[in-house]
Amino acid sequence: MTQLAVGVDIGGTGIKAGLVDIATGEFSAERIKVETPAGGEPEDIAHVVREVIETLAPSNDVPIGVAFPSAIVDGVTRLAANVSKRWIDFAAESFFEQELGRPIHFVNDADAAGFAEATFGAARGVNGLVIMTTLGTGIGSALIYNGVLVPGSELGHLEIDGREAEAFAANRVREGEGLDWPTWAARLTEFYAHVEMLFSPQLFLIGGGVSKHAEEFIPLITVRTPVQVAQLRNDAGILGAAALAV
Ligand code: BGC
């Protein structure tokens, strides 16, 4: 039986959304991509999300999952590393429900991506601990143990040698400082080696837009744990948000 859900993935620069058949992880309609309103204020983002959802799922009985780049506890966003500071301790889920006039499920973007990889992608059927990381504006993380998501990890904010991991190893830093692949991979090795020491995972997965260049930098990350590219690329957040909403 087809079970449809809408997934929305809110990022610092773009908002992506799709209507997903969560039995197969396939899109049932053309995906939508729009720009994130400048400033990233809650009202402006909710307005755009409302339009996107009305296009994708006019009927009220389709579950909706929204992925967002912040730690989220009980629908409240706690951090705002790369978005407006108004999101700190903001009751995002209830705010969106009010603005959209329908129930939604609000989740962390990397948790959504990790859940999608565990359900439809590279972590499917992998036993033990898989650590999914997304390398983008920040560094997001998801812990998946025997296929079950352990939500809420924020490994991008780990402090290593007095520096926050995402402030020296995110893809934004690679672009901003014009780092070549080996130099960036050395920084990533420092990050993954630290996480490996703390968690002893079976597998690291790397997602985010830069994963389309996986062959340039993943082989240069020298840790003992296998490191693989995530399978679902930029769709992981949408797919996971939709699947988690059901
Ligand atoms: C945020 C995380 C998010 C990650 C990737 C970090 O700065 O704190 O919640 O998952 O960026 O977007």
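Predicted model: local features only at pLDDT ≥ 70, side-chain atom pairs only at ≥ 80, totals over all residues.
1. Position. Residues of the shell around the ligand come from both domain 1 (4-111 + 236-245) and domain 2 (124-230), and therefore the ligand lies between these two domains. The space that the ligand takes is the largest pocket. Among the secondary-structure elements, α3 (109-120) and β10 (139-145) are those that give two or more residues to the shell around the ligand.

2. Composition of the shell. There are 14 residues around the ligand, and those that come nearest are Asn 108, Asp 109, Glu 154, His 157 and Glu 166.

3. In the side chain of His 157, an N or O atom is 2.6 Å from an oxygen atom of the ligand. Ser 70 takes part through its backbone, where an N or O atom lies 3.2 Å from an oxygen atom of the ligand.

4. On its own, the ligand has 310 Å² of accessible area, of which the protein covers 94%.

Conventions: Residues numbered from 1 in each chain as written. Heavy atoms only, no water. Near = heavy atom within 4 Å. Polar contact = N/O pair within 3.5 Å; in protein donor to acceptor, adjacent residues only side chain to side chain. Areas by Shrake-Rupley, 256 points an atom, 1.4 Å probe, with all protein chains shown as cover. 1 Å grid on protein atoms, 1.4 Å probe; cavity = no way out; pocket = protein on both sides within 12 Å on 5 of 7 lines; lining within 4 Å. Sits in = over half its atoms within 2 Å of the grid points. Helix = DSSP H or I, 4+ residues; strand = E, 2+ residues; numbered from the N terminus. Domains from an automatic or database assignment.
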